[in-house]
Amino acid sequence: MSERKKTYKVEPTAEVSDKVIIGEDTVIWHHAQIREGASIGKSCVISKGVYIDTNVVIGDLCKIQNYVSVYQGVTIENNVFVGPHAVFTNDFRPRAQPADGWKITKTVVKEGASIGANSTIVCGITLGSWCMVGSGSVVTKDVPNHALVYGNPARIKGWVCYCGEKLASGEQIPQNVLICPKCGK
């Protein structure tokens, strides 16, 4: 039986458990730490200083920027961008020594979502497909598909195309069909 050739790259200073699944053409940069049971898809970029906790799932074609923390209970689907220093929480009542243990609360980031730098994603929510979270936001509620949210707490400020172009302002989904001026979709 022949040994399968490794088709991903891990920088020597990265700390990656031997119990991690890594897809082909993925690159894991300096000082990243990826814990046991995590799964990372194909053609991803895991940047400098990223922490990926136990059993986290990351899809294909994702870009996780410098110093992002992705804790247990988070699932990130395909084509997701997570900006530098963003953090995901995973417990509503964290304590150093909880009497009844930690209660991990799941978070899902749907396909194509973009999360701006220094954002905090509070556990128990879903970020919709192709939504965009502005930098420095604190997201405490579900975000609909294609919504543009920002602030603390993050609120819907508009709607964006697949390409990221802003299509409309306001909290209400536009009633008319919009065509993106940038990409034509």
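Q: What radius of gyration would a compact globule with 185 residues have, and what does the protein have?
A: The radius of gyration is taken over C-alpha atoms, and the globule rule is 2.2 Å times the number of residues to the power 0.38. For 185 residues the rule gives a value near 16 Å, and the protein has 17 Å, which agrees. Along its principal axes, the C-alpha trace spans about 60 × 45 × 25 Å.

Q: What should I know about the model before reading on?
A: This is a predicted model, in which local features need pLDDT of at least 70, side-chain atom pairs count only at pLDDT 80 or more, and totals for chains, interfaces and linings use all residues. Residues are numbered from 1 along each chain as its sequence is written, and side-chain values use heavy atoms, with hydrogens and water left out.

Q: How is burial read, and what share of the residues is buried?
A: A residue is buried under 20% relative accessible area, exposed over 50%, and partly exposed in between (1.4 Å probe, protein chains only). Buried residues make up 41% of the 185 residues in this protein.

Q: How far apart are the mean positions of the positive and negative charges?
A: Lys and Arg count as positive, Asp and Glu as negative, while His and the chain ends are not counted. Each charge is placed at NZ of Lys, CZ of Arg, CG of Asp or CD of Glu. The protein has 20 positive and 16 negative charges, and their mean positions are 5 Å apart.

Q: How many disulfides does a search of the whole structure find?
A: A disulfide is a pair of cysteine sulfur atoms within 2.5 Å. The search finds zero disulfides. C62 is in no disulfide: its nearest cysteine sulfur belongs to C44 and is 4.7 Å away. For C123, also in no disulfide, the nearest cysteine sulfur is that of C131, 17 Å away. C62 is buried, with a relative accessible area of 2%, and C123 counts as buried at 2%.

Q: What share of the contacts joins residues 24 or more positions apart?
A: Contact means heavy atoms within 4.5 Å. Among contacts with a separation of 6 or more, residues 24 or more positions apart account for 14%.

Q: Which residues does N90 touch, beyond those up to four places away in sequence?
A: The partners of N90 are Y71, Q72, K103, I104, T105 and C123. N90 lies in the loop between β14 and β15 and is buried, with a relative accessible area of 15%. G73 is 17 residues from N90 in sequence, with 6.3 Å between their C-alpha atoms.

Q: Where is D91, and what is it in contact with beyond four places in sequence?
A: D91 sits in the loop between β14 (87–88) and β15 (107–109). Its partners are W102, K103 and C123. D91 is buried at 13% relative accessible area. The C-alpha atoms of D91 and W159, 68 residues apart along the chain, are separated by 30 Å.

Q: Is E36 buried or partly exposed?
A: E36 is partly exposed, with a relative accessible area of 32%. Its place is the loop between β5 (33–34) and β6 (39–40). Not counting residues up to four places away in sequence, E36 touches S17, K19, V20, T54 and N55.

Q: Which residues does a cis peptide bond join?
A: The cis bond joins N152 and P153, with omega about 0°. P153 is in the loop between β21 (147–151) and β22 (154–160).

Q: What is the phi of D25 and of W130?
A: Neither residue is a glycine, yet D25 has a positive phi of about 65° and W130 one of about 60°. D25 lies in the loop between β3 (21–22) and β4 (27–28). W130 is in the loop between β18 (126–127) and β19 (132–133), and counts as partly exposed at 22% relative accessibility.

Notes
Helices (H or I, at least four residues) and strands (E, at least two) are DSSP runs, numbered from the N terminus.
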